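These are my notebook entries on one structure, set down in the order in which I looked things up. The structure comes before the entries.

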Amino acid sequence: MKLREIVNQLQLAVKTGADLLDRDVNGGYAGDLLSDVLAHARVGNLWITLHTHPNIVAVASSKDLAGIIVVNGRTPDEETLRKAAEEQIPILISSGSTYSVVCKLGELGIT
Amino acid sequence: MKDDKISEVIRVGKAQVLVYELRVEAAMSTNVCSVSPDDTMEDVRKILKEHAISGLPVVAGDELKGIVSIEDLIESILEGKTADRVSQRMTREPVTICSDDLLVRAINDFGRYRYGRFPVINRQTKKLVGIITKGDIIRCLFKRLESNHYEDELRRYRAGHLFEDIRSDHSSLVLKYNLEGASFEKAGEGSSQLKKNLLRLGIHPDVARRITIASYEAEMNMVIFCKGGTLIATIEPRCVTVNAVDQGPGIPDIARAMEPGYSTAPDWVRELGFGAGMGLPNIKNCSDEMHLDSTVGKGTNLQFKVYTKK
């Protein structure tokens with residue numbers, strides 16, 4: 001599924017990467033321990049986290065993730081957005097919790 | 001001359017690829033002039049003249065009601081009925097395009113209907129979001145071809161042939177990243193730059209990713225426990241070796257430090273999502289060889305190797 005469809009269905013706010021929404025999402029990973037995400041997320045996954053600091057961009061870019069959904073309507077740091085634009089990582093904001101985002105992604109068939 | 005022709009053919013090929021990649025929203029004008037159904041054809045004349053355009057969508061509220069063109073205006077002038085309402089003269093239920101349609105769809109529709117413009121609507125809300133003309137498409141393609149050309153130049157500059165070009169019994173390239181006094185926010189920049197360089201050197205993305213993840217973990221360790229250190233990547237034709245060297249506190253019990261889940265990270269680090277006791281095990285999993293030397297009070301040298309060619 002394309003990132004664009006997920007953005008539309010989950011009504012996510014696109015903070016960076018508006019031109020990258022044609023990316024394919026092949027699955028998801030939810031987690032707030034960065035090393036765990038580095039170890040277990042798969043290339044092309046969409047990552048759901050509550051962190052907003054610039055290191056989330058480093059993790060997503062190291063692992064070639066499709067994008068990041070930041071939950072609970074949290075606002076990423078300016079530096080995070082700058083890095084994300086530079087590294088071409090889409091950052092999407094959901095007002096919902098990790099649990100509700102994962103449930104909705106599951107309904108869309110993203111596992 | 002012959003070469004010119006060939007490059008023209010290649011160019012056309014690229015434009016054809018682009019129209020299958022780009023969407024209408026990338027080319028459309030979002031700054032749309034419109035009229036209301038209750039406006040008169042005289043109002044239409046003024047707007048067309050003022051903006052030097054040849055057609056207008058007719059909108060009530062947010063809803064698209066029709067489209068009125070310069071031909072409709074000419075007819076009303078010939079009939080001497082420029083006081084007519086737009087609603088009497090407009091084309092109802094005009095052909096529309098969705099903002100997420102591929103550009104090729106718009107091009108086909110221009111060929112099929114021979115209209116000068118199509119109103120662009122959002123597929124879900126059906127509301128008017130823009131307007132697209134052939135000129136918009138041409139402008140958008142020119143812009144993209146120009147930037148694609150620039151990317152081609154960059155790709156040509158790739159250093160993938162470096163090791164073939166340099167003759168010696170043994171060549172290696174050493175990249176050093178100083179993380180001395182690196183702040184928490186800055187951590188990750190060394191491994192991110194390293195990754196770009198590895199890709200430029202033609203190293204397979206999967207291999208480059210393993211090296212980047214291991215380097216990132218090493219970098220985080222140095223920032224969390226040692227206020228920085230040095231990341232040294234030695235790139236050889238068949239192998240990349242990374243040394244993460246610091247003058248930090250040292251690791252008292254290496255065997256324990258290697259246990260997944262064991263961590264001595266302070267609370268503030270854990271709150272940011274680090275210190276899960278997964279860093280060293282991750283490095284081990286990503287690399288083909290790993291050596292950890294540490295002396296308490298003196299510092300640590302973590303070395304890992306990844307073979308780039310089997």
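**Entry 1: Chain B overall**

I began with the contacts of chain B that have a separation of 6 or more, and found that 61% of them join residues 24 or more positions apart. I count two residues as in contact if their C-beta atoms, placed from the backbone, lie within 7 Å. The model is a predicted one, so I note that local features need pLDDT of at least 70, that side-chain atom pairs count only at pLDDT 80 or more, and that totals for chains, interfaces and linings use all residues. Residues are numbered from 1 along each chain as its sequence is written, while chains are lettered from A and ligands numbered from 1 in the order in which they are written.

I listed 13 helices and 11 strands in chain B. Helices (H or I, at least four residues) and strands (E, at least two) are DSSP runs, numbered from the N terminus. Of the 310 residues in chain B, 31% are buried. I call a residue buried if 20 or more other C-beta atoms lie within 10 Å of its own, exposed if 12 or fewer, and partly exposed in between, with C-beta atoms placed from the backbone.

**Entry 2: Two open sheets**

I then turned to the strands, taking two of them as paired if DSSP finds at least two bridges between them. In chain B, S1-S2-S3 is the order of an open sheet of 3 strands with antiparallel pairing. Its edge strands, S1 (55-60) and S3 (91-92), each pair on one side only. Between S1(B) and S2 (residues 63-69) of chain B I found 6 bridges, the two running antiparallel. B:Ala60 has B:Glu63 of S2(B) as its bridge partner.

Another open sheet of 3 strands in chain B has the order S4-S5-S6 and mixed pairing. S4 (97-98) and S6 (128-133) of chain B are at its edges with a single partner strand each, so one side of each has no neighbour in the sheet. S4(B) runs parallel to S5 (residues 117-121) of chain B, with 2 bridges joining them. Opposite B:Cys98 I found B:Ile121 in S5(B).

**Entry 3: B:Arg45**

I located B:Arg45 in helix H3 (residues 41-51) of chain B. Is B:Arg45 buried or partly exposed? B:Arg45 is partly exposed, because 16 other C-beta atoms lie within 10 Å. Leaving out residues up to four places away in sequence, B:Arg45 touches B:Leu73 and B:Thr82. B:Thr82 is 37 residues from B:Arg45 along the chain, and their C-alpha atoms are separated by 8.7 Å.

**Entry 4: The side of chain B that touches chain A**

I found 20 residues of chain B in contact with 20 residues of chain A. On chain B, helices H9 (189-200), H10 (205-226) and H13 (279-286) each supply at least two residues of this side. H10(B) gives the largest share, 5 residues.

I next checked H9(B) for length: its 12 residues should span 16 Å at 1.5 Å a residue, and the end C-alpha atoms are 17 Å apart, which agrees. The expected span is 1.5 Å times one less than the number of residues. Among the buried residues of H9(B) are B:Leu194, B:Lys195 and B:Leu198. The buried residues of H9(B) pack against H3 (55-62) and H4 (78-87) of chain A, and against S7 (173-178), H10 and S8 (230-236) of chain B. After H9(B) comes B:Gly202, with a positive phi near 85°.

**Entry 5: S8(B) and its partners**

A hairpin of 2 residues joins S8(B) to S9(B), and B:Thr230 has B:Val245 as its bridge partner in S9(B).

**Entry 6: Nonpolar cores**

I defined a nonpolar core as a set of buried Ala, Val, Leu, Ile, Met, Phe, Trp, Tyr and Cys residues joined through C-beta atoms within 7 Å. The largest has 62 residues, and those with the most contacts inside it include A:Trp47, B:Ala214 and B:Val242. H10(B) provides the largest share of this core, 11 residues.
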